Amino acid sequence: MIVALFASTIAVLSLFFATPANAQTTPAPTPSASAGTGDVATQYSIGGIIRAGDEPVEGVEISVEGSGFSEIGTTGADGRWAVAVPGPGAYTATLQVDTLPDGVAPRDPDNVTRDVTIGTTNTVNVLFPTGEGTAATGSIWDTLFSRFFYGLNFGLLLALAAIGISLIFGTTGVNNFAHGEMLTFGAIIFYVFTAMGWNILLAILLTVALSAALGWTQDAVLFKPLRKRGVGLVQVLIVTIGLSIVLRYLYLYFFDGGTRNIDTGITDNVTIGPVTVTLTSIISMGISVVMLGLVAYFLTRTRIGKATRAVSDNASLAAASGINVDRVIRIVWVLAGALTGLSGVLYGLYRGVTWDMGFAILLLLFAAVTLGGLGSAFGALVGSLIIGIITELSTIVIPPDLRYAVALIVLIGVLLFRPQGVLGRKERIG
């Protein structure tokens, strides 16, 4: 049965074998680097494409440093740049903002540094989204407002995935460590559809449908049989970790280790006070708000939603009341898959698509669920907004690379004073 789950995933991922006509190609590296001995040297490079809207930007510099190595890459007439690195290892790529032409600025001025690891793949593409604007800094209040706005956007897309985690935990007691891979699945599938030139709305609908199918498959093939056999939660936890590893490296095998930019064809910017953001970000926030509202309606106004809450409160009592617990759990897995897949789509638009993007923010998702209150869907929403806003506001005073650590520190602090979380219930132990 487990083989059937992997086979279904591979069947969908087989789409990656076809190279779309408008897909980005790997930039040709600058002077070759080699590792080891032999007639054919292995080349390692870090590169990417800088565009302003649909137009390539020439003459932009990107510095690459790491392990005593330092070199500057410059974009050509086609917007491509590449730096050959000496071998596998950890590197840092930094966009030199002062080399951008007038009228072009980073979409996220405080996020112009990328950590890159060479090892599992020889060439890694790095994404630096740009758009119309200026790189000038404003007052501290402008900075606070812009960071708050970006944090709200980040928190909303986190909430979609975090609610899925919360619903699964509430009805089954399982902490699903493969949840991040469900998010990655949605981002990768949406990227493939858009790269093939499909209509954006159709691509989103099909991605959400396939993500829901992945949630259904996980429960039907793996977790329901484990429940029927009475497998303990610790053993199920280990299974989810193993599933996470398998899916993650399947993505790496089919998708490679680079960063891909989703091209929606929407290049307009919107100015809100001191913040200039892409129209895509505004649409993303609107989709998140609408979906969260629909989830709230589902949980509070529909019979299935009320049954879900009843199972989350007390599965045994719900079963004694005539509720089909297995059916409710199956619906929860489908809903969680759909929401998490949509979250992957929005996160891919926000930061680009990589094979391990879900794993990278998995701890933030668990932090949001724990902060809001385990098993509470509304608590997951509140926790996600807190995590998203705090991570972005913290970049005002600390390096952006440390912002996720700040979120976990806040989580620890809150739980020291309110162990049940913001909206969690106090429970008697013993």
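Author: Over residues 182-213 the chain is 88% helix and 0% strand, where helices (H or I, at least four residues) and strands (E, at least two) are DSSP runs numbered from the N terminus. The model is predicted, so that local features need pLDDT of at least 70 and side-chain atom pairs count only at pLDDT 80 or more, while totals for chains, interfaces and linings use all residues. Residues are numbered from 1 along each chain as its sequence is written, and side-chain values use heavy atoms, with hydrogens and water left out.

Reader: How far apart are the end C-alpha atoms of residues 233-254?

Author: UniProt, in an unreviewed entry, lists residues 233-254 among those under "transmembrane region"; its positions are given in the numbering used here, feature names are shortened, and annotations may be inferred rather than shown by experiment. This span is 100% helix and 0% strand, and its end C-alpha atoms are separated by 31 Å.

Reader: Is Tyr347 buried or exposed?

Author: Tyr347 belongs to helix 9 (residues 325-351), and, leaving aside residues up to four places away in sequence, it touches several others, including Phe154 and Tyr404, contact meaning heavy atoms within 4.5 Å. Buried means under 20% relative accessible area, exposed over 50% and partly exposed in between, with a 1.4 Å probe and protein chains only. Because its relative accessibility is 7%, Tyr347 counts as buried.

Reader: Which residue is the bridge partner of Ile46 in strand 10?

Author: Strand 1 (residues 44-49) runs parallel to strand 10, joined to it by three bridges, and two strands pair if DSSP finds at least two bridges between them. In strand 10, Ile46 has as its bridge partner Val124.
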